[in-house]
Amino acid sequence: MQEFVLQAEHLEVLIQVVRSEGFQLMGPVVRNGAITYDEISTASDLPRGWGDEQEKGYYRVSRNDSGAYFAYAVGVGSWKQFLQLPRRKVWEAHKKDDAMDILEVLDEVPARAFLGVRSCDLHAIAIQDRVFAEGQYRNENYARRRQNILLIAVNCTTPAATCFCTVMNTGPKVTTPTDLTMTEVIDHKEHYFVIRSESQRGREILKQLPLSSLEERHSLAEEQALQAAVQKMQEGPRKFDSAGVKELLYRNYDSPVWDQVAERCLSCANCTMACPTCFCSTVEDTTDLTGEHAERWERWDSCFTGDFSYISGGSVRASTRSRYRQWMTHKLATWHDQFDTSGCVGCGRCITWCPVGIDLTEEVQRIQQLDKTL
Amino acid sequence: MVRHPGAIGSRPGKLKLAVWKFASCDGCQLSLLDCEDELLQLADNIDIAYFMEASSHAEPGPYDLSLVEGSITTSADAERIREVRKQSRVMVAIGACATAGGIQALRNFSDVEEFISAVYAHPEYIATLKTSTPASAHVTVDFELQGCPINKRQLLEVISAFLHRRAPQVPAHSVCIECKLRGNVCVWVAHGTPCMGPVTQAGCGAICPSYHRGCYGCYGPKENSNTTSLCHWWEQELGVEKVTVVENLRNFNAAAPVFDAASREWESRDEQE
Ligand code: SF4
Ligand code: SF4
Ligand code: SF4
Ligand code: SF4
């Protein structure tokens, strides 16, 4: 690993170097009153001076005067949208005399770089990798998209009130493989990035940047910023004891908490759409009017819909109670059995983007409390 | 829910299509005419036997597929829908009027006699029912395609599914799913704009939120709609007035059972205060 200091005014150089290496650069932008991920062609596309305020069912972008580029927590949507496409055509079929031509759709996969990936989201990508690229049921479309991604992580020093990565052991400091990892520091009048290369590709990029050496005061300031982030989450309302949650949920299939949450839950599926690890999709087969052409489309699906568990005779999970229970139990319990990790990385998106502010950390704590009194 | 497309038999030759109008604005039938490119293809694959909006040439029944637009608001129409049913092998109700009584179902919440005497110089000429009801309140309907107006892609999908004997891909989930698939920023959470998306069935492609405004529920209730929770949050967190809550529930789908019950509940809360 090599570590240096990149002055904030040279962020533009980094961006142009990455782009000149042939990558389409994706990163945070302010759009329609939120920070989302989109293509970046210059540093001025970044949300400089913007932050986010997140609470249960509440999100606002806000101006701050820090001049920081990455002073928000996590954006609307997630990197998932670039790897597991929300909708894609899988194949099409055409009738030909007595036979049928089936054409697999192989779309163009651009070489992409992701700039500003948080530690929680790196964990989320790793979780999806396990599902789509490493598991028994490999998804070629995902695997091809994932293959060449250049990961430029930015350590999180600005968690939102909804974040709880410290509980899930997924952040705020980057500990998983990346190509480059940066920390943005604003210390007195100085504004710089501590930048580390973690791969050969990362080193190639570093070579082309105007860097200075990392001094102790830089490391100290970096450490302080990260510590402050940890502390903010430790003191926040979303700190809970995640040990034994799997067993807790397995013995609480009949908890009254499920009924209470079902009264509020809209089964709208926003939580699963916003979640960076939820991987469920469905396929839709259609024909045209002539019946000579057919198509199969894959699109994101959610355990909150009735169709999701529809089998002959009806929906297995007809009630909202059973849908919410499925969701949370999958995220925090059965996922461990399936993939050896938690399905939740503590990014807080499901809390923020739930229209009626349902908060899984609160629900877990409710179940924990009731469990204790039994 | 993927609903059963209905019993579909087969017989040689082109199948016969009929399009019927009851109390409605014609917008849904227009969605069919609006198909333009696909219209010729449609005519190639099905015999458009009865479609007054398009042609005064009418072939007699029975028909293989009947599309029914409009709600039932007169006793004559209540009789006619039974006739149509008898003539139709498969009946599909299209649009908010035929599936939920339409905007004219606002009469269900008031006194129709009063309206008539206030509006017409000769009330005695008016023969109408006290309520506006969907086709399903009168006859068995094989499939309901919701929306005001319906989406022409979905209509073609239903007809293609019928022709090729498969279940139509018309998901009954929320508008929110379409909204997220499009990558929209949620106007409810990020702007504080009341949005009916979480209780409304998808199909429009989340048009309103894509233009930064709230969904107003024109596709009617989604499966498993939780209007009570939505209305609570609107009032308590978004500061929406009760009258606006009721207005949003009483739109084009006012008589859909969940919206109907919720609007009555909210209205009576109003009176209690
Ligand atoms: S929580 Fe639901 S949508 Fe998410 S991965 Fe599990 S089953 Fe799929
Ligand atoms: S369950 Fe919620 S907090 Fe956990 S990873 Fe998904 S969106 Fe983030
Ligand atoms: S928990 Fe919230 S976001 Fe998820 S389905 Fe229920 S209401 Fe929608
Ligand atoms: S804008 Fe409306 S439809 Fe879109 S996600 Fe938000 S609540 Fe749902």
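Select A:Pro172 to begin, and you will find this residue in the loop between α5 (165–168) and β10 (180–187) of chain A, where helices (H or I, at least four residues) and strands (E, at least two) are DSSP runs, numbered from the N terminus. The peptide bond that joins A:Gly171 and A:Pro172 is cis, with omega about 5 degrees. Most residues other than glycine have a negative phi, and most peptide bonds are trans.

Before you go on, keep in mind that this is a predicted model, in which local features need pLDDT of at least 70 and side-chain atom pairs count only at pLDDT 80 or more, while totals for chains, interfaces and linings use all residues. Residues are numbered from 1 along each chain as its sequence is written, chains are lettered from A and ligands numbered from 1 in the order in which they are written, and side-chain values use heavy atoms, with hydrogens and water left out.

**Other backbone stops**

Next select B:Gly61 and B:Pro62, whose peptide bond is also cis, with omega near 0 degrees; B:Pro62 lies in the loop between β2 (46–51) and β3 of chain B. Then go to A:Asn32, a residue other than glycine with a positive phi, near 50 degrees, in the loop between β2 (24–31) and β3 (34–39) of chain A. A:Asn32 counts as partly exposed because its relative accessibility is 34%, given that buried means under 20% relative accessible area, exposed over 50%, and partly exposed in between (1.4 Å probe, protein chains only). In chain B, select B:Arg165, which has a positive phi of about 50 degrees although it is not a glycine, and which sits in the loop between α6 (152–163) and α7 (175–181) of chain B.

**Salt bridges within chain A**

Return to the loop between α5 and β10 of chain A and select A:Lys173. The side chain of A:Lys173 meets that of A:Glu223 in a salt bridge (3.7 Å, N to O), the term being used for a side-chain nitrogen of Lys or Arg within 4 Å of a carboxyl oxygen of Asp or Glu. This pair links distant parts of the chain, since A:Glu223 belongs to helix α7 of chain A and the two residues are 50 residues apart.

Now select A:Arg196 and A:Glu3, which form a salt bridge with their closest N and O atoms 2.6 Å apart. A:Arg196 is in strand β11 (residues 190–197) and A:Glu3 in strand β1 (residues 2–7) of chain A, 193 residues apart. A:Arg196 counts as buried, at 13% relative accessibility, whereas A:Glu3, at 33%, counts as partly exposed.

For another network of this kind, select A:Lys56, A:Arg264, A:Glu362, A:Glu363 and A:Arg366, which are linked by salt bridges. A search of the whole structure finds 43 salt bridges over all chains.

**The nonpolar core**

Which residues touch the most other members of the largest nonpolar core? Select A:Trp327, A:Met328 and A:Leu360, which do so among its 96 residues; such a core is a set of buried Ala, Val, Leu, Ile, Met, Phe, Trp, Tyr and Cys residues joined through side-chain atoms within 4.5 Å. Centre on A:Leu360 and look for the residues that it touches, including A:Phe164, A:Tyr324, A:Cys344 and A:Ile351, where contact means heavy atoms within 4.5 Å.

**Where the chains meet**

Show both chains, and you will see that 40 residues of chain B are in contact with 50 residues of chain A. Together the chains bury about 3500 Å², 57% of it on carbon and sulfur atoms; buried area is the accessible area (1.4 Å probe) that two parts lose on being put together, summed over both. In chain B, select B:Lys180, B:Leu181 and B:Val189, which lose the most area to chain A, together 19% of what that side buries. The rule finds one salt bridge across this interface, and A:Arg323 forms a salt bridge with B:Glu223, the closest N and O atoms being 2.9 Å apart.

Finish at helix α3 of chain B, where B:Asp77, B:Ala78, B:Ile81, B:Val84 and B:Arg85 are buried. They cover an arc of only 120 degrees around the axis, which puts them on the same side of α3(B); the arc is that of the directions from the helix axis to the C-beta atoms. The buried residues pack against β1 (15–21), β3 (63–69) and β4 (88–94) of chain B, while on the other side B:Ser75, B:Ala76 and B:Lys86 are exposed.

Definitions and conventions. Lists of a residue's contacts leave out its neighbours within four places in sequence.
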